[in-house]
Amino acid sequence: MKTNRDWEKPVRRMELLMRLKSFPVAFKLLEKQEALADIPFLRRMTHKVTLCQLITIVRTFDWTVGADLNDFLSPMCPSIIGLAGLPEVFKDGTFRSIVWTKSRKDGQQYESSIPRLPTGRYQAVAMAPLVYNPFDPDLVLIYANPAQMMLLINSLQFEDYEVMEFYCVGESSCSDAIARCYLKGKPFLSIPCYGERRYGHAQDDELIMALPAGMMDKALKGMEALYKRGIRYPISYAGAEMDLTYAFPMSYSGLQQLEEIRGKDNRILLGVTGGIASGKTTVARMLEDLGAPIIDFDLLSRVVAEPNKPAWKEIVAYFGEQVLLEDKTLDRKKLSQIVFREPEKRKKLESFIHPRIYHEFARLIKDFTAQDPQAIIQVVVPLLLEANLQHLFHKILLVYIPQEMQAERLMKRDRIPREMAANILNAQLPIEEKKGYADFILDNSGTLEETKRQVEEVWKKLKQMQKERRQA
Ligand code: ATP
């Protein structure tokens with residue numbers, strides 16, 4: 001059967017990132033039961049079945065299966081997916097009250113709470129492992145434990161955040177995932193019911209999510225982004241017995257430090273960032289002309305590691321004199337080559353330098369604000385977002401130019417070939433991805449005059465912000 005897309009790569013990747021135990025299930029409802037015959041390798045069971053038996057056959061045996069109304073053992077399963085209506089003895093609560101409720105009234109309430117697709121729209125259902133591209137699915141069913149499912153929810157929420165709502169009607173809870181997903185066009189999660197555990201072999205720790213097939217890319221994209229940020233399954237447990245003060249930027253002691261930096265006066269700390277050669281220095285100078293003093297993290301990193309300062313001593317003790325130039329200053333090129341190859345050594349180097357930068361930064365902030373409690377201080381931090389330093393600043397300004405222009409300006413300024421510029425750019429978070437974190441996006445792709453006009457606009461807004469704070 002010709003399908004509209006090849007699912008193999010994304011599904012294999014998701015299986016790996018989530019460490020799934022069973023196949024994601026492609027789920028499709030067919031308006032004509034004859035359409036089952038067009039699906040390759042499709043098997044029909046020779047006895048009556050339940051919907052959850054079919055699901056488990058797909059996700060654990062990796063079969064392709066199909067069924068129409070006559071294949072189902074009870075009217076319950078087909079009523080959920082719209083293949084048939086419910087007989088009166090179900091509707092009036094009698095069926096539920098035999099086991100699940102104390103009275104028929106409760107049973108009726110129960111039955112009417114189960115989400116169902118409108119009767120008669122579909123005649124058959126087909127299911128198969130999505131990875132084999134069996135057909136173009138409506139939904140994908142994923143079974144996973146709560147920790148894996150949390151990762152899937154986090155992934156779906158990464159972009160265009162929405163609260164994940166979920167329901168559990170109790171028995172027949174496959175309806176909570178499957179029918180709700182059809183009816184609302186959104187992902188729905190549920191806890192597999194008793195019947196699905198007994199007959200569909202859902203394991204004790206499994207949850208089910210049904211998501212529209214069109215949202216698989218969103219889920220995977222979010223998962224990849226979280227993976228890069230260290231959010232992975234299995235979760236690497238940390239710290240039941242440890243002091244987490246330094247792992248938590250927002251721990252209580254961290255908050256105290258933060259308050260000292262952000263202050264209670266009318267100062268504004270503006271984090272200025274961008275990509276390499278996007279124009280941070282150019283913009284910072286314009287802001288300086290308007291009255292904003294500059295703290296430059298690149299400069300601080302040099303100052304704190306000047307010969308015979310504590311950071312310099314620790315670096316030389318750890319890396320040896322091989323990282324010194326003749327005048328005893330650090331050979332930055334050599335150091336960066338060493339730490340590029342060995343991440344552990346990078347961590348070590350950062351542990352010598354970062355606390356000192358922070359200390360210097362805090363000292364400068366104190367100085368500037370002692371002179372002027374209304375200061376608008378710009379702090380230029382090239383890797384502000386990569387290093388997750390957003391919380392230090394009241395506002396973040398991104399100096400933006402498209403990536404291609406970044407390469408051009410970098411080649412021209414540093415007189416380097418295109419390939420080298422591309423390598424440097426590839427090692428940074430793409431500038432497009434930084435846009436979502438900025439309060440101000442300053443487009444520096446036009447003339448310097450145009451940039452200056454935007455800088456003046458930002459300045460006006462910051463002043464206005466201070467005025468409103470004073471009045472509040
Ligand atoms: P780095 O990341 O290397 O510190 P940066 O972000 O501070 O760089 P700048 O040094 O300000 O970037 O600018 C990079 C180059 O682009 C410089 O040569 C600068 O003169 C040039 N440049 C900046 N803005 C513009 C502009 N609007 N039009 C043309 N050239 C510009």
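The protein divides into domain 1 (8-228), domain 2 (263-293 + 375-472) and domain 3 (301-371), with bounds that come from an automatic or database domain assignment. This is a predicted model, in which local features need pLDDT of at least 70 and side-chain atom pairs count only at pLDDT 80 or more, while totals for chains, interfaces and linings use all residues. Residues are numbered from 1 along each chain as its sequence is written.

Let us start with the overall build. The secondary structure comes to 20 helices and 12 strands (DSSP runs numbered from the N terminus, H or I of at least four residues for helices and E of at least two for strands). The radius of gyration is 30 Å, well over the 23 Å that the globule rule gives for 472 residues, so the protein is more spread out than a compact globule; this radius is taken over C-alpha atoms, and the rule is 2.2 Å times the number of residues to the power 0.38. Along the principal axes, the C-alpha trace spans about 85 × 55 × 50 Å. As for the domains, the centres of domain 2 and domain 3, taken over C-alpha atoms, are separated by 24 Å.

Now come with me to the ligand. Of the 14 residues around the ligand, Gly279, Lys280, Thr281, Thr282 and Arg413 come nearest (a residue is near if its C-beta atom, placed from the backbone, lies within 6 Å). Helix H12 (280-290), helix H17 (403-414) and helix H20 (448-471) are the elements that give two or more residues to this shell, and H12 gives the most, with 3 residues.
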